[in-house]
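Dear colleague,

Please find below the structure that I promised to pass on to you.

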Number of protein chains: 2
Amino acid sequence: MAKPEIIKSVKDILNNYMNKHQLRKTQERFKILEFVYSMDKHFDVDELHRFLKEKDFVVSKATVYNTLELLLNAGLVKKHYFNNHAAYYEKSFFNKTHDHIIVRDENGNVLKIIEFCDPRIELIKKDLEKITGLQIEDHDLYFFAKPNKN
Amino acid sequence: MAKPEIIKSVKDILNNYMNKHQLRKTQERFKILEFVYSMDKHFDVDELHRFLKEKDFVVSKATVYNTLELLLNAGLVKKHYFNNHAAYYEKSFFNKTHDHIIVRDENGNVLKIIEFCDPRIELIKKDLEKITGLQIEDHDLYFFAKPNKN
DNA sequence: ATAACTGCAAATCATTTGCAGATCT
DNA sequence: AGATCTGCAAATGATTTGCAGTTAT
């Protein structure tokens, strides 16, 4: 499980978000938030749903979908479309902004995901905002590599 | 329609690929390749399928799927997962390497795709290769923006 | 001739939706 | 009390699959 102070903080954030938007504070939403913040890697809806069940917290998959959408809107998770199988999620608060190197074999199977940070991304973003007049809210950068021989 | 010499080149590439992999040279495959290279933006399978029909080249959607997979393996198209609606494709030969700004509404619908090039990406890639010892073969960079008020 | 390809329809699978009953406020 | 949320099952929609007939080699 994630550090208690992190859990507390993200619960506060969710609380504020719900107050602001007049949403109900259900047991399901807070529990799912807690479990999401105990996951240390990317997960899809099915994995999270099974994980909750394992931990004896039974919810419907519909609620998992709904709650992840809520957490997404509250900025508490990030959603990735790595492939056309299913969307992947990861916690996004207290989780330094990072990008990914995805190591895949010839068949496209993901062997390893390496996270990295590079400040130049932010500079590119700023320049693009200046050029386009758009407000960029987020980004995804993936580098794809073949495995090393070793 | 794309420039004749480009069409010729990509047909040659597909030809070689088919020879190498002992695949059949069907009318459908070459026609679809031609139409793909006449598209000037990203498209999904449904759009391409409708486009083909408009141009009086009727194929089944299954063949469109199969052929795009083939072109993907041959390195002639690039596949993108902008959202969880449908995969998007674009021609990838004689098409300068570029990245994308994706303008989406609150519901995640793609409103506009802006292409850009920034040399700093290549520098980041080189540094990552040095640090990790991996050989990076490709990348995807997406910036996400909300639409402008106008 | 025969193995691969196409087209059609059915199957699959992630996600969404509709609605009845439960539960926050 | 009343609106929202949850859970279930059915609907949806992109993609895949199975198979019969067609076509490239």
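Over all chains, the count comes to 16 aromatic pairs, where rings of Phe, Tyr and Trp (its six-membered ring) pair if their centres lie within 6.5 Å, and where planes under 30 degrees apart count as stacked, over 60 as edge-to-face and the rest as tilted. One of these pairs is formed by A:Phe82 and A:Tyr142, which are edge-to-face with 5.5 Å from centre to centre and 75 degrees between the planes. Because A:Phe82 lies in the loop between β2 (77-80) and β3 (88-91) of chain A and A:Tyr142 in strand β6 (residues 135-146) of chain A, the pair ties together parts that are 60 residues apart in sequence; helices (H or I, at least four residues) and strands (E, at least two) are DSSP runs, numbered from the N terminus. A:Phe82 is partly exposed, with a relative accessible area of 21%, whereas A:Tyr142 is buried, with a relative accessible area of 5%; buried means under 20% relative accessible area, exposed over 50%, and partly exposed in between (1.4 Å probe, protein chains only).

In chain B, the rings of B:Phe43 and B:Tyr89 have their centres 6.2 Å apart and their planes at 20 degrees, so this pair is stacked. B:Phe43 lies in the loop between α2 (27-36) and α3 (45-54) of chain B and B:Tyr89 in strand β2 (residues 88-91) of chain B, so parts that are 46 residues apart in sequence are tied together. B:Phe43 is buried at a relative accessible area of 1%, and B:Tyr89 is buried at 3%. Back in chain A, ring pairs link A:Phe82, A:Tyr88, A:Tyr142 and A:Phe144 into a cluster.

Before you read on, please keep in mind that this is a predicted model, in which local features need pLDDT of at least 70 and side-chain atom pairs count only at pLDDT 80 or more, while totals for chains, interfaces and linings use all residues. Residues are numbered from 1 along each chain as its sequence is written, chains are lettered from A and ligands numbered from 1 in the order in which they are written, and side-chain values use heavy atoms, with hydrogens and water left out.

Next comes the DNA. DNA strand D is surrounded by 18 residues, the closest being A:Arg24, A:Thr63, B:Arg24, B:Tyr65 and B:Ala87; a residue is near a strand if one of its heavy atoms lies within 4 Å of it. Of the atoms of DNA strand D that come within 4 Å of the protein, sugar and phosphate account for 70%. A:Arg24 is placed in the loop between α1 (4-21) and α2 (27-36) of chain A, and at 68% relative accessibility it counts as exposed.

Finally, A:His139 lies in strand β6 of chain A and, at 10% relative accessibility, counts as buried. The side chains of A:His139 and A:Asp99 are joined by a polar contact of 3.0 Å, that is, a pair of N or O atoms within 3.5 Å, where within protein one must be able to donate a hydrogen and the other to accept it, and residues adjacent in sequence count only if both atoms are side-chain atoms.
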